[in-house]
Amino acid sequence: MERLPFSQACENNKGPILEVLRELFVDRLRVLEIGSGTGQHASWFAGHLPHLQWQPTEVQQHLAVLKPRCDAFSGANLLPPYALDVSQRPWPGAKIPDAVFTANSLHIMPWASVQDLFAELGERAGADTLLAIYGPFNYGGQYTSDSNARFDGWLAQQSPYSAIRDVEKVDALAAAAGFVPRSDVEMPANNRLLAWRKA
Ligand SMILES: C[S@@+](CC[C@H](N)C(=O)[O-])C[C@H]1O[C@@H](n2cnc3c(N)ncnc32)[C@H](O)[C@@H]1O
């Protein structure tokens, strides 16, 4: 069998993220995932949270990386992936579902795209939508660890647009989009799982 696209980081963090999502998404019906990468999260969460319909998405140029693992999934609650770039608004799909998830994407996409993500959810997500974002964040303008500082230096070398985001600035975008903070969970390897609920 051909090997599926694989991310070691995804493999390491999918278990701890699942434990948070079990509680956070307990009463949700459908999740829109943004920047699904290899599909390891999508297939793991769909497999372990069968009450959810999981909708993976990726930017058009990376859709071919996502598709094979989604095709290999045997259950019925992982929907076929489609192209979604947060900066190409309005996003495809008639309706934003009652939950939105993204992992390790805010520090990759340009800040303008992070702004687009929240603007779209502000305009189109319904009341009570839950938004969960996993990744590294800075607090009070400070790195939370030396390893995050090194990672940010590495990101800067990869792209002038990529950087670990300040949680306060992300929170301000969320507030402007009508979201209220729900939880901020410390995760392994100096990551966080932030969640908001649309008022
Ligand atoms: C480091 S990868 C993380 C992938 C996966 N979520 C994970 O945790 O392994 C960052 C992802 O963000 C996606 N991304 C970057 N810019 C984006 C945009 N404007 N809209 C949607 N996704 C974007 C990339 O295509 C990439 O898959």
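In this predicted model, N190 is placed in the loop between β9 and β10. Its phi is near 60 degrees, a positive value in a residue other than glycine. Most residues other than glycine have a negative phi, and most peptide bonds are trans. N190 has 17 other C-beta atoms within 10 Å; a residue counts as buried at 20 or more and as exposed at 12 or fewer, so N190 is partly exposed.

A189 also belongs to the loop between β9 and β10, the latter strand covering residues 191–198. The phi of A189 is likewise near 60 degrees, and here too the positive value occurs in a residue other than glycine. Because A189 has 13 C-beta neighbours inside 10 Å, it counts as partly exposed.

A further backbone feature concerns a peptide bond. The bond from R89 to P90 is cis, with omega near 0 degrees. P90 is found in the loop between β4, residues 82–83, and β5.

Six strands form an open sheet in the order β2-β1-β5-β6-β10-β9, and the pairing is mixed. At the edges stand β2 (53–55) and β9 (179–187); each has a single partner strand, so one side of each is left without a neighbour in the sheet. On average, neighbouring strands of this sheet are turned by 20 degrees against each other, direction ignored. Strands of a sheet pair through backbone hydrogen bonds, either parallel or antiparallel. Strand β5, residues 99–103, and strand β6, residues 130–135, pair in the parallel sense over 5 bridges. Within this pair, A99 stands opposite L130 in β6.

A103 falls within the range of β5, which runs over residues 99–103.

Q142 lies in the loop between β7 (137–138) and α5 (146–158). Since there are 10 other C-beta atoms within 10 Å of Q142, this residue is exposed. Q142 and M187 are 45 residues apart in sequence, and their C-alpha atoms are 17 Å apart in space. M187 is a residue of the edge strand β9, whose range is 179–187.

Helix α5 has 13 residues, and the number of them that are buried is 0, so the helix lies largely in the open. Its length can also be checked: at 1.5 Å a residue, the 13 residues should span 18 Å, and the end C-alpha atoms of α5 are 19 Å apart, which agrees. An α-helix has 3.6 residues a turn, so residues three or four places apart point the same way.

These elements can finally be set within the whole. The protein chain has 6 helices and 10 strands. Its radius of gyration is 16 Å, close to the 16 Å that the globule rule gives for 199 residues, so the chain is as compact as a globular protein of that length. Taken along the principal axes, the C-alpha atoms of the chain fill a box of roughly 45 × 40 × 30 Å. Of the 199 residues, 37% count as buried.

Methods. Residues numbered from 1 in each chain as written. Predicted model: local features only at pLDDT ≥ 70, side-chain atom pairs only at ≥ 80, totals over all residues. Helix = DSSP H or I, 4+ residues; strand = E, 2+ residues; numbered from the N terminus. Expected span 1.5 Å × (residues − 1). Pairing = 2+ DSSP bridges. Axes fitted to C-alpha atoms, helices over the stretch in contact; angles between N-to-C directions. Rg over C-alpha atoms; globule rule 2.2 N^0.38 Å.
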